[in-house]
Amino acid sequence: MTNDRGRAGEQPPLAAARALGERPAPPGRGPFAGGCRYNKFGAFLQERFGCRVHKVSVDAGFTCPNRDGTVSTGGCTFCRNNSFRPTTAGRGMPVEEQLRQGIARLRSRFRAERFLVYFQPFTNTHAPLERLAPLYESALAHPDVIGLSVGTRPDCIDEAKLRWFEEAARKYFVMVEYGLQSIYDSTLARINRGHDFRCWQDAMSRSRDRGVWLGTHLILGFPWETREQMLAMAPALSNSGLNSLKLHHLHLIRDTVMGSEYQRSPFRLMECDEYVGLVVDFLERLSPEIRMERLLGSAPRSELLAPDWGRKAAGVRRAVEEALDSRGTFQGRLWHSR
């Protein structure tokens with residue numbers, strides 16, 4: 001596996017976007033796979049492996065350094081892992097059994113054929129390599145698994161772990177997802193991340209050029225960040241070597257610090273149409289080579305405090321796609337490489 005995004009016989013996203021230039025693209029004529037107006041991670045997996053590939057989440061029993069006192073306690077103020085953990089990712093259940101159940105569910109529901117094992121909840125490199133490697137290897141042993149996706153933090157990576165990922169990437173698709181949430185240190189301090197933006201930049205620098213796919217997470221909608229600040233994050237990430245990005249809107253979950261703050265003194269959260277417009281503007285400013293894995297966050301209705309847009313995630317994604325189409329725009333239209 002390499003970090004090269006182009007494939008023989010297809011036009012690289014950057015070249016396709018530049019070919020359209022500043023001109024509005026006709027309906028259904030975006031520069032990406034299938035005429036899409038943004039660069040989908042799922043389309044990349046389909047192209048690369050020639051079949052339907054899904055992530056299957058597992059919980060390996062880790063915690064986070066801003067929970068266990070290594071860096072801080074209390075965790076991120078917006079976070080409650082139960083709000084996004086699939087039922088098959090059972091804490092305390094062996095990874096192999098979680099994998100078996102998760103694959104069976106994804107085969108039945110989505111007709112998935114191959115799988116990335118997603119070490120999802122908490123920080124999945126927050127342990128010595130001697131503990132991590134057997135867990136990763138047991139997941140890769142399944143015959144229908146083509147790789148790993150490891151969710152972690154930029155302050156929980158070291159050279160030994162990076163060398164392990166680099167070696168594994170010679171045979172498998174290996175993805176490391178660094179949580180970030182914001183490029184602004186004032187926001188990172190306010191949400192108790194326990195690291196700054198420079199820490200993420202350093203982790204990205206040390207992780208590049210190893211054949212490892214690099215992803216990150218970003219939250220749009222913190223009420224103290226301006227719209228201009230949120231949009232400025234797109235070009236800031238575009239030259240980092242990032243391969244894929246998950247965008248989440250700020251939604252508040254029960255039994256979290258931020259959720260409790262909202263219940264005591266409600267503050268303004270984005271309306272759905274406002275968020276859709278923000279995402280379109282953000283995508284225009286983002287490098288067309290970065291694959292989009294998500295456009296918004298999600299949580300069970302029983303866990304969600306606000307905002308309740310009354311729409312399923314698929315409906316919001318369609319609204320983004322329709323807004324891109326109606327404006328004749330696409331990911332990267334206003335981005336300029338340095």
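Me: Among contacts between residues at least 6 apart in sequence, what share joins residues at least 24 apart?

Reply: In this predicted model, the share is 81%. Contact here means heavy atoms within 4.5 Å.

Me: How many helices and strands does the protein have, and what share of its residues is buried?

Reply: There are 11 helices and nine strands. Buried residues make up 54% of the 338 residues. The cut-off for buried is under 20% relative accessible area.

Me: What makes α4 roughly parallel to α5?

Reply: The axes of α4 (residues 129–140) and α5 (residues 159–168) cross at roughly 20 degrees and come within 11 Å. Angles under 35 degrees count as roughly parallel. The α4 and α5 pair is therefore roughly parallel. The crossing of α4 and α5 is right-handed.

Me: Which residues of α4 and α5 meet?

Reply: From α4 come Leu129, Leu132, Ala133, Tyr136, Glu137 and Leu140. From α5 come Ala160, Lys161, Trp164 and Phe165. By class, this contact of α4 with α5 has eight nonpolar, no polar and two charged residues.

Me: Why is Leu162 called buried?

Reply: Leu162 has a relative accessible area of 3%. Buried means under 20%. Leu162 is therefore buried. Leu162 is found in helix α5.

Me: What does Leu162 touch, not counting residues up to four places away in sequence?

Reply: Leu162 touches Ile157, Tyr178, Arg206, Ser207 and Arg210. The C-alpha atoms of Leu162 and Ala203 are separated by 9.9 Å. Leu162 and Ala203 are 41 residues apart along the chain.

Me: What is the make-up of the contact of α10 with α11, by class?

Reply: Cys272, Val276, Gly277, Val279, Val280, Asp281, Leu283 and Glu284 in α10 meet Val316, Ala319, Val320, Ala323, Leu324 and Arg327 in α11. By class, that contact has 10 nonpolar, one polar and three charged residues.

Me: What makes α8 and α10 oblique to each other?

Reply: The axes of α8 (residues 227–238) and α10 come within 8 Å and cross at roughly 40 degrees. Under 35 degrees would count as roughly parallel. The α8 and α10 pair is therefore oblique. α8 passes α10 in a right-handed crossing.

Me: Which residues of α8 and α10 meet?

Reply: Arg227, Met230, Leu231, Met233 and Ala234 in α8 meet Gly277, Leu278, Asp281 and Phe282 in α10. The residues of this contact divide into six nonpolar, one polar and two charged.

Me: Which members of the largest nonpolar core touch the most other members?

Reply: Phe119, Leu245 and Phe282 do, out of 73 residues in that core. Helix α10 (residues 272–284) gives the largest share of the core, eight residues. A second, separate core has 12 residues, including Cys76, Leu188, Leu252 and Leu269.

Me: What is Phe119 in contact with, leaving aside neighbours within four places in sequence?

Reply: Its contacts include Val58, Val95, Leu135, Tyr136, Leu148 and Val150. Asn124, Ser149 and Gly151 are also among them.

Me: Is Phe122 buried or exposed, and how do you know?

Reply: The relative accessible area of Phe122 is 18%. The cut-off for buried is under 20%. Phe122 therefore counts as buried. Phe122 lies in the loop between β2 (114–119) and α4. Its phi is near 60 degrees, a positive value in a residue other than glycine.

Me: Where is Asn192, and what is its phi?

Reply: Asn192 sits in the loop between α6 (185–190) and α7 (197–207). Its phi is positive, about 65 degrees, although Asn192 is not a glycine.

Me: Why does Gly310 count as exposed?

Reply: Gly310 has 64% relative accessibility. Exposed means over 50%. Gly310 therefore counts as exposed. Gly310 is in the loop between β9 (304–306) and α11.

Me: What is omega for the peptide bond from Ala306 to Pro307?

Reply: Omega is near -10 degrees, and the bond is cis. Pro307 is in the loop between β9 and α11.

Methods: Residues numbered from 1 in each chain as written. Predicted model: local features only at pLDDT ≥ 70, side-chain atom pairs only at ≥ 80, totals over all residues. Heavy atoms only, no water. Axes fitted to C-alpha atoms, helices over the stretch in contact; angles between N-to-C directions. Helix = DSSP H or I, 4+ residues; strand = E, 2+ residues; numbered from the N terminus. Parallel < 35°, antiparallel > 145°, perpendicular 65-115°, else oblique. Left-handed = near helix turned anticlockwise from the far one by under 90°. Nonpolar A, V, L, I, M, F, W, Y, C, P; charged D, E, K, R; others polar. Core = buried A, V, L, I, M, F, W, Y, C linked by side-chain atoms within 4.5 Å. Buried < 20%, exposed > 50% of the residue type's maximum accessible area, 1.4 Å probe, protein only.
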